[in-house]
Amino acid sequence: MERKKVTTKTLKKMKENHEKISMLTAYDYPMSKIVDNAGCDVILVGDSLGNVVLGYENTTHVTMSDMLHHTKAVSRGAKSSFIVSDMPFLSYHTGIYDAVRNAGALIAEGGAHAVKLEGGEEICDAVRAIVNAGIPVVGHLGLTPQHINNFGGFSMQAKTEAAAEKLIKDAKALQSAGAFMIVFECIPSELAKRVTEELDIITIGIGSGGGCDGQVLVLYDILGLFDDFTPSFVKKYTNLNSIITDGVSNYINEVKTGVFPK
Ligand code: KIV
């Protein structure tokens, strides 16, 4: 039997019922089908695709056209999961007109159900305008990879009391601007728990402990497919890299030795 479509209403109900929300990235049709069929609540077409499928050093090189291309493929593969698409670097910073146009394209052309933006108070005008256009918005605070050139590396954020207060202020500003969910990346677990208690909207953690309403990870990390680097908080559930290498090596060997084709 086909799973019921996950909507913002379903996700809000899950939070109310203290039912944990599962979220994983996907970037293409076959993986989207697998993640959807496995029953994942939310699929994130993350701009992490810049690192894990396009081979860029960081996400600042990802474009709207990259995001549209991959969001279309994912939305063709998923029948029930709720699809969130990342707004890429600079697609929501040059004014609310651009922000709404670009968010609208990810929904209308891409087939996503919501968009995700990185940042706090400074992006709230864009968030408000996108929400007013009828598009659900997900925030992203803590380690925000589009700001890598400011951070100078990937490390735990909001470790001081002042930084924690700023993060809570940013989260509340996003909530007031109309965001219905926020991803907290690499913040201390006590802070993730505290901000979850203080907010009415859904919180999703990554590298931030178990206190949020749900969890997200990069699919290719948990499958052991992407091995350029693996964040310390990742749990690998299988090792596709070696499974694929074995399959490919067997094929090469059989072609060379004449075992295949018969
Ligand atoms: O781009 C992405 O995959 C993300 C997650 C890591 C939260 O933003």
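Trainee: Where do I start? How many helices and strands does the protein have?

Mentor: Start with the secondary structure. The model is predicted, and its protein has 11 helices and 8 strands.

Trainee: What radius of gyration does the protein have, and what would a compact globule have?

Mentor: Compare the two values. For 262 residues, a compact globule would come near 18 Å. The protein has 19 Å, which agrees. Then look at the box around the C-alpha atoms. Along the principal axes, that box is roughly 65 × 40 × 40 Å.

Trainee: What share of the residues is buried?

Mentor: A residue counts as buried when its relative accessible area is under 20%. Here, 50% of the 262 residues are buried. The accessible surface of the protein is about 12800 Å². Carbon and sulfur atoms hold 55% of that surface.

Trainee: What share of the contacts joins residues 24 or more positions apart?

Mentor: Take the contacts in the protein with a separation of 6 or more. Of these, 58% are between residues 24 or more positions apart.

Trainee: Now charges. How many positive and negative side chains are there?

Mentor: Count 25 positive and 30 negative side chains. The centres of the two sets lie 6 Å apart.

Trainee: Why can such side chains pair?

Mentor: Side chains of opposite charge can pair when their charged atoms come close. In this structure, a search finds 12 salt bridges.

Trainee: Which residue forms a salt bridge with Arg 3?

Mentor: Asp 36 does, with the closest N and O atoms 3.1 Å apart. The pair links distant parts of the chain. Arg 3 sits in the segment before helix H1 (8–16), while Asp 36 sits in helix H2 (residues 29–37). They are 33 residues apart.

Trainee: Is Asp 36 buried or exposed?

Mentor: Check the relative accessibility. Asp 36 has 4%, so it counts as buried.

Trainee: What about Lys 169? Which residue is its salt-bridge partner?

Mentor: Glu 121, with the closest N and O atoms 3.7 Å apart. Lys 169 is in helix H8 (residues 161–177), and Glu 121 is in the loop between strand E4 (114–118) and helix H6 (124–132). So the pair ties together parts that are 48 residues apart in sequence. Lys 169 is exposed at 51%. Glu 121 is partly exposed at 37%.

Trainee: Where do Glu 198 and Arg 194 lie?

Mentor: Both lie in helix H9 (residues 189–198). They are 4 residues apart, about one turn of the helix. Salt bridges that share partners join Glu 161, Glu 165, Lys 172, Arg 194 and Glu 198 into one network. Between Glu 198 and Arg 194, the N to O distance is 3.2 Å. Glu 198 is partly exposed at 33%, and Arg 194 is partly exposed at 28%.

Trainee: Let me try a loop. Where is Lys 235 found?

Mentor: In the loop between helix H10 (219–222) and helix H11 (240–257). Lys 235 is partly exposed, at 49%.

Trainee: Which residues is Lys 235 in contact with, beyond its neighbours within four places in sequence?

Mentor: Leu 217 and Ile 222. Now compare sequence with space. Lys 235 and Leu 223 are 12 residues apart in sequence. Their C-alpha atoms are 8.9 Å apart.

Definitions and conventions. Residues numbered from 1 in each chain as written. Predicted model: local features only at pLDDT ≥ 70, side-chain atom pairs only at ≥ 80, totals over all residues. Heavy atoms only, no water. Helix = DSSP H or I, 4+ residues; strand = E, 2+ residues; numbered from the N terminus. Rg over C-alpha atoms; globule rule 2.2 N^0.38 Å. Buried < 20%, exposed > 50% of the residue type's maximum accessible area, 1.4 Å probe, protein only. Contact = heavy atoms within 4.5 Å. Areas by Shrake-Rupley, 256 points an atom, 1.4 Å probe, with all protein chains shown as cover. Lys, Arg positive; Asp, Glu negative; His and termini not counted. Charge placed at Lys NZ, Arg CZ, Asp CG, Glu CD. Salt bridge = Lys/Arg side-chain N within 4 Å of Asp/Glu carboxyl O.
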